[in-house]
Amino acid sequence: MPTSADGVVFRDMTLDDVPAVDALEQRLFPADAWPLHMFLSELSQRETRRYLVAESGGDIVGYAGLMCIEPIADVQTIAVVPEFEGRGIGSTLLTRLIEEARHRGAADVLLEVRADNPRAQQLYLRFGFEQIHVRRGYYRDGVDALIMRLQMVPEGSVPDPTPADSAPALDPSTEAGQA
């Protein structure tokens, strides 16, 4: 089992972890917590999903999940308990999700982040994610979601030299995924 310097173990989430993850989900995201059955459903779809936990002293202190349906991967969730923030747990979980997306052949990794969560936004920016859209009032409490994308560069290839600002602009009046 891979372990960090401070004894945190990272491993695949199992069905036995779901009650503890659900309790953390309710604690960390009271307005937007996933219902328990969503975690059970996600874990049953191994062909397109990968979920991880971070453990310290036998307690789950972080978790993350990825959905990948080529050519897109989507970070479904990522969370670290506040008492363990700043120890690199979120970075390790995100690194492993990106590695999984690359392994599964994703061209892009997408995620949504609360507009009022600058700490998470900074993490994603450090990893090379860029904001590509805003979903107004996405969260139950009315907070906007920032849609961020990491364009994957296949190992050994050279990134596209086209400047990011020359890409076509997204119409901010439409939601991603709607025609």
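These notebook entries record what I looked up in a predicted model of the protein.

**Overall fold.** I began with the secondary structure, which amounts to 4 helices and 7 strands. Following the sequence, I noted the pattern β-α-α-β-β-β-α-β-α-β-β.

**Burial and surface.** I then turned to the whole chain. The protein has 179 residues, of which 41% count as buried.

**Helix α2.** I looked up residues 36-43 next. The buried residues of this helix are F39, E42 and L43. Viewed down the axis of α2, these buried residues fall within an arc of 95°, so they line one face of the helix. I also asked which elements the buried residues of α2 pack against. I found α1 (18-28), together with the strands β2 (49-56), β3 (59-69) and β4 (72-80).

**Helix α3.** I checked the length of residues 89-103 against expectation. At 1.5 Å a residue, the 15 residues of α3 should span 21 Å, and the end C-alpha atoms are 21 Å apart, which agrees. I listed the buried residues of α3 as I89, G90, L93, L94, L97, I98, E100 and A101. Around the axis they cover an arc of only 165°, which puts them on the same side of α3.

**After α3.** My last entry concerns G105, which lies just after α3 and takes a positive phi of about 85°.

How values were computed. Residues numbered from 1 in each chain as written. Predicted model: local features only at pLDDT ≥ 70, side-chain atom pairs only at ≥ 80, totals over all residues. Heavy atoms only, no water. Helix = DSSP H or I, 4+ residues; strand = E, 2+ residues; numbered from the N terminus. Buried < 20%, exposed > 50% of the residue type's maximum accessible area, 1.4 Å probe, protein only. Arc of directions from axis to C-beta. Contact = heavy atoms within 4.5 Å. Expected span 1.5 Å × (residues − 1).
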